[in-house]
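Hello,

Here is the structure I promised to pass on to you. My notes follow below it.

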Amino acid sequence: MEKFGKSQSVKRTEDVRFLTGEGRYVDDIAPEGALHAYFLRSPVAHGEIAELDVSDAAEADGVHLVLTCADLEAAGMNIGLAGMVVDNRDGSKGAAPMRPMLAKDRVRYVGEPVAMIVAETLAQARDAAELVMLDIDELPAKMDMAAGGETLHDEAPDNKAFDWGMGDAAATQAAFDAAARTVALEIEDNRIIVNSMEPRGCYAEWTDGKLHVANNGQGVWAHKGFLKQAFGLKDEEVRVTNPDTGGGFGMKAMTYNEYFCVAQAARVLDRPVRWMSERTEAMLSDNQGRDLTSLAEFAFDADKRITAYRVTSKCNLGAYNSQFAQFIQTQLFSRVLMGVYDVQTTWLQVDGFYTNTVPVDAYRGAGRPEAIYVLERLIDRAARELGVDPWELRRINFIKPDQFPYTTSTGETYDVGDFNKVLARAAAEADRDGFEARKAADARRGLLRGQGLCYYIESILGDPSEGAKVVFEDDGTVSIYVGTQSNGQGHETVYAAFLSDQTGIPLEKITVVQGDSDLIAQGGGTGGSRSVTTQNNATLATVAKMTEAFTAFLSEEMGVPASEISFDDERFRAEGSNLTPTMLELAEMAREKGREDLLTHHERATLPARSFPNGAHVAEVVIDPETGIVITDRYTVVDDFGNLINPMLAEGQVHGGVAQGVGQAVQERVVYDEDGQLLTASFMDYALPRAADLPYISFTSEPVPSTANIMGMKGCGEAGTVGALAAVANAVQDALWEHGVRQADMPFTPHRVWEMMHGERIA
Ligand code: SMO
């Protein structure tokens with residue numbers, strides 16, 4: 001395994017570019033002379049459009065075009081997407097109300113795009129938007145998931161999008177009936193705003209009937225498919241590119257309405273058109289994350305073994321089905337329903353609802369953080385109610401090493417794992433033994449200290465296939481074309497280092513090419529912790545073919561049988577010859593001989609099975625009971641990511657993921673008023689964590705190499721977030737337990753913690 005696990009922390013080659021202002025984001029590269037688009041968005045959460053008159057706006061200075069839904073329809077466009085739907089429990093399909101690209105007849109959330117103004121300058125477009133006559137007959141806003149109230153879509157009576165179930169409800173009930181003990185917990189998973197550092201944006205241009213859309217996405221091919229569909233174009237008539245992208249986190253994976261509208265404007269005007277979201281606009285229009293409440297229950301036998309697990313959730317989808325939304329809290333949640341515990345009797349029931357809020361979709365982890373949060377909160381609660389150490393209760397119920405491969409009740413097959421080993425390492429790294437002394441020291445200062453554990457598992461998601469094309473360029477460099485899409489994670493470094501490691505081609509000669517649907521035929525983009533495992537698997541396949549081809553070439557050139565030639569990842573060696581060419585040297589020889597076929601190699605490969613990153617997060621919080629302020633004081637992560645390609649970048653992924661998890665747990669929360677106005681629409685009101693809000697994050701790798709792929713890798717992109725929520729929440733609950741707090745829901749802001757402790761609400 002040494003071959004795949006050199007585990008060198010190569011420094012990020014892209015950082016010189018990023019840190020010296022040489023990054024090229026979509027707003028940096030819009031074509032000269034592109035017109036500016038600005039979206040007029042609904043100022044109210046719910047209502048019928050009584051009047052939409054854009055004639056004054058269309059006449060305003062600098063304005064070239066104003067588009068409404070009627071214009072899109074008149075142009076014959078397919079004006080909306082319904083999103084993917086799940087099956088209901090009775091076998092029917094979940095609701096599929098169309099989400100128009102620009103509001104048609106009705107608006108359903110504050111921020112929904114109603115009209116698009118295109119002008120010479122952004123200021124002119126914005127000014128013209130004020131001239132649009134938009135008269136909305138307001139309807140009551142439906143802001144919760146309770147029955148009754150206004151209906152958003154005719155297709156969804158009672159605002160119910162779906163009722164989905166998985167598992168064996170009857171067997172689960174029987175296990176509860178027979179249980180020695182049962183434990184239940186009802187908890188909320190607060191809605192958050194994703195807040196990528198770079199907001200969404202795009203530009204579009206048409207050249208000889210071919211559409212080019214550049215946007216900051218998570219991969220070009222999904223966007224290309226939807227654009228083809230909307231405009232009725234052939235494959236060769238659409239090109240999508242993703243330049244440097246400043247964070248996506250799931251939120252940028254979707255093909256948003258703005259991209260279609262900008263493309264249509266560029267077509268009508270026969271000029272390039274650009275759009276860049278502003279921060280508050282992003283807060284009102286980027287898909288949001290989480291937002292569900294769950295009742296979770298365990299049945300136990302007399303030996304403290306869990307005999308059944310039942311979760312019933314309600315999830316808030318916002319005003320429409322975003323692209324993947326119906327899958328997040330259902331199928332993706334179910335992937336790791338039972339986490340690392342050996343329990344076969346389970347039932348998951350999820351009902352989805354529409355409300356007059358921004359649509360909700362994938363956010364770092366997409367269903368797995370939600371599932372692990374519920375499970376790891378419940379097991380902690382169960383330990384308290386059963387009077388067992390929470391670490392011990394986990395150990396009792398862990399899937400044991402000799403049970404692998406282990407197929408879960410929801411049909412996932414975990415290949416390997418050694419949860420006890422990881423947990424023991426976490427106890428040491430977190431200095432669990434020193435906790436009581438730290439707690440006592442804080443108590444002398446009037447402060448409360450709590451410790452929380454989360455043992456998480458996640459699965460990689462998305463397309464298990466990927467392609468890798470290696471090209472020996474005329475200038476002696478080598479390009480590798482990849483189907484994934486860096487959003488800032490360091491892919492350029494990791495892929496180049498891996499190819500270098502496998503071929504001996506010097507790292508500095510390798511360039512990673514990504515994000516252009518004209519350059520590589522297919523690719524799955526970034527998401528679901530898939531990128532490095534899936535992409536390197538493709539690289540391996542390509543390297544195998546390259547090695548074979550160069551071996552055959554050398555064999556012909558030297559007149560030595562191919563069976564006598566070997567390649568050791570650096571040099572080719574032929575028996576009885578002291579000629580030991582590198583792959584780069586052979587490529588040059590091939591070029592001289594006119595063997596163009598040896599200069600390009602392109603293979604696709606599919607991972608044979610999913611892999612399952614897992615690990616233990618241990619958080620310690622300190623709470624000031626006078627103010628309710630929660631400080632995340634210590635944070636320890638021990639992860640089993642299998643073999644690491646670049647430990648430093650894996651650690652960086654964990655740091656970022658933990659920051660997002662701690663942010664949700666301690667600070668972040670979307671707040672709407674009863675009329676559906678977003679009260680947290682700027683960083684004045686929405687508390688994103690800053691560096692000073694986070695402690696040093698200790699990261700340790702305790703790998704159990706995966707057997708699901710030959711690299712022994714498991715993935716790491718979302719793991720930090722999956723583990724962080726319950727670790728922090730359990731720590732807060734630990735600190736507050738002896739103060740009588742039994743309902744501890746995120747986020748643990750001072751105000752909310754004070755209320756929990758004092759049992760009363762402050763305004
Ligand atoms: S939330 Mo992700 O991009 O699977």
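Aspartate 351 and arginine 89 form a salt bridge, with their closest N and O atoms 3.4 Å apart (a salt bridge is a side-chain nitrogen of Lys or Arg within 4 Å of a carboxyl oxygen of Asp or Glu). Aspartate 351 lies in strand E17 (residues 346-354) and arginine 89 in the loop between strand E4 (80-81) and strand E5 (99-100), so the pair ties together parts 262 residues apart in sequence. Helices (H or I, at least four residues) and strands (E, at least two) are DSSP runs, numbered from the N terminus. Aspartate 351 is buried, at 11% relative accessible area, while arginine 89 is partly exposed at 36% (buried is under 20% relative accessible area, exposed over 50%, partly exposed in between, with a 1.4 Å probe and protein chains only).

Before you read on, please note that this is a predicted model, in which local features need pLDDT of at least 70 and side-chain atom pairs count only at pLDDT 80 or more, whereas totals for chains, interfaces and linings use all residues. Residues are numbered from 1 along each chain as its sequence is written, and side-chain values use heavy atoms, leaving out hydrogens and water.

The salt bridge count comes to 57. Another of these joins glutamate 281 to arginine 41 (3.0 Å, N to O). Glutamate 281 sits in helix H8 (residues 279-285) and arginine 41 in strand E1 (residues 35-41), 240 residues apart. Both of these residues are buried.

Glutamate 429 and arginine 425 also form a salt bridge, their closest N and O atoms being 3.0 Å apart. The two are four residues apart in helix H12 (residues 419-429), so about one helical turn separates them. There is a network of salt bridges too, linking Asp431, Arg438, Asp442, Arg445, Arg449, Glu620, Asp633 and Arg634.

Now to the sheet. Seven strands form an open, mixed sheet in the order E3-E7-E1-E14-E11-E12-E13 (two strands pair if DSSP finds at least two bridges between them). Strand E3 (63-67) and strand E13 (238-241) are at the edges with a single partner strand each, so one side of each has no neighbour in the sheet. E3 runs antiparallel to strand E7 (residues 113-119), and four bridges join them; valine 63 has alanine 119 in E7 as its bridge partner.

Helix H4 (residues 122-129) lies across E1, E3 and E7, at about 30 degrees to E1. Here axes are lines fitted to C-alpha atoms, for helices over the stretch in contact (heavy atoms within 4.5 Å), and angles run from 0 to 180 degrees between N-to-C directions.

Best wishes
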